[in-house]
Amino acid sequence: LNISKSNMKDLQTIPWERILEVQSELRGANFSPVMDGKYLPHHGWDPTAPAESRDVPVIIATALEDAALSLTNWDLNEDGLKKVFETRYPGKSAELMKLYGYQGPAKTPYLKQAQFITDAGARVSAVTQAERKAAAGGAPAYMYIWEWVSPTFGGKFGAVHGLDVDASFNNFRNNPSGGGDPEGRRMTNLFASTMVAFAKTGNPNNDKI
């Protein structure tokens, strides 16, 4: 974008479409905090959990089809899914087709793909983070997988990234996890109660769950 500290105000003049284009071009870039040795003296989770928050409990989470948020090949078929598997893990596509086929036709190839990409990426990182927190001793690490499927668009996106965020604030009106749907309201109420319990006590367990 040819923006530096000297002309940072020019960011406000760049069309948002251009910013998205550049973001797409840099998809492989690592957008993360920079360890400068002063304000951020070391990596937060590599090779171990941070000692500074040893006594702070955490909840680490993913959604079952978390990656669906960034996928648009809704018409993916079984052959296409096999190619996705083969591209990521050559020679393992048959094994992966069997592994992710247990849900049968009830789950579309698109959603199987989303779960696979999540499992191989964000979910691995989440489990690693929890393991390192647990290994450090101190306060516990809690984990959950959000598996409840939003009925929006006929369940097309599955249990997609971010559904649990609105739910954690008991926001069911604007939440794609159901809006006025009774099951959506029940889920957001249960989940918000769980988050409130965690915020108050450091333990997410409560009588509603």
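Buried residues (under 20% relative accessible area, with exposed over 50% and partly exposed in between, for a 1.4 Å probe and protein chains only) make up 31% of the 209 residues in the protein chain. The model is predicted: local features need pLDDT of at least 70, side-chain atom pairs count only at pLDDT 80 or more, and totals for chains, interfaces and linings use all residues. Residues are numbered from 1 along each chain as its sequence is written, and side-chain values use heavy atoms, with hydrogens and water left out.

The protein chain has six helices and two strands, where helices (H or I, at least four residues) and strands (E, at least two) are DSSP runs numbered from the N terminus. Their order along the sequence is α-β-α-α-α-β-α-α. The C-alpha trace spans about 55 × 50 × 40 Å along its principal axes.

**Salt bridges**

A salt bridge is a side-chain nitrogen of Lys or Arg within 4 Å of a carboxyl oxygen of Asp or Glu. The count by this rule is nine.

| Glu-78 | Lys-112 | 3.6 Å |

The salt bridge between Glu-78 and Lys-112 ties together parts that are 34 residues apart in sequence, because Glu-78 lies in helix 2 and Lys-112 in helix 4. Glu-78 is partly exposed at 36% relative accessibility, whereas Lys-112 is buried, with a relative accessible area of 4%.

Glu-183 and Arg-186 are three residues apart in helix 6 (residues 182-201), so about one helical turn separates them. Both partners are partly exposed, Glu-183 at 30% and Arg-186 at 45%. In the remaining pair of the table, Glu-95 is exposed at 54% relative accessibility, and Lys-92 is partly exposed at 44%. Elsewhere, salt bridges link Arg-18, Glu-21 and Glu-25 in a network.

Asp-66 sits in the loop between strand 1 (58-63) and helix 2 (78-88). Asp-66 is buried but has no salt bridge, and Arg-123, the nearest side chain of opposite charge, is 5.6 Å away. For charge, Lys and Arg count as positive and Asp and Glu as negative, while His and the chain ends are not counted. The side chain of Asp-66 does make a polar contact with the side chain of His-161, at 2.5 Å. Such a contact is a pair of N or O atoms within 3.5 Å; within protein, one must be able to donate a hydrogen and the other to accept it, and residues adjacent in sequence count only if both atoms are side-chain atoms.

Ala-122 belongs to helix 4 (residues 109-135) and is partly exposed, with a relative accessible area of 41%. The C-alpha atoms of Ala-122 and Ala-67 are separated by 8.3 Å, with the two residues 55 apart along the chain.

**Cavity**

A cavity is a set of points on a 1 Å grid over the protein atoms alone where a 1.4 Å probe fits but cannot get out, and lining residues have an atom within 4 Å of a point. Grid points are joined across faces, edges and corners, and a volume is the space filled by probe spheres set on the points. One cavity of 30 Å³ or more is counted, and the largest cavity has a volume of about 30 Å³. Its lining consists of Ala-49, Pro-50, Ser-53, Arg-54, Lys-133, Ala-136 and Gly-137. These residues divide into three nonpolar, two polar and two charged, with Ala, Val, Leu, Ile, Met, Phe, Trp, Tyr, Cys and Pro counted as nonpolar, Asp, Glu, Lys and Arg as charged, and the others, Gly among them, as polar.

Methods: On a 1 Å grid over the protein atoms alone, a cavity is a set of points where a 1.4 Å probe fits but cannot get out, and a pocket is an open set with protein on both sides within 12 Å along at least five of seven lines; lining residues have an atom within 4 Å of a point.
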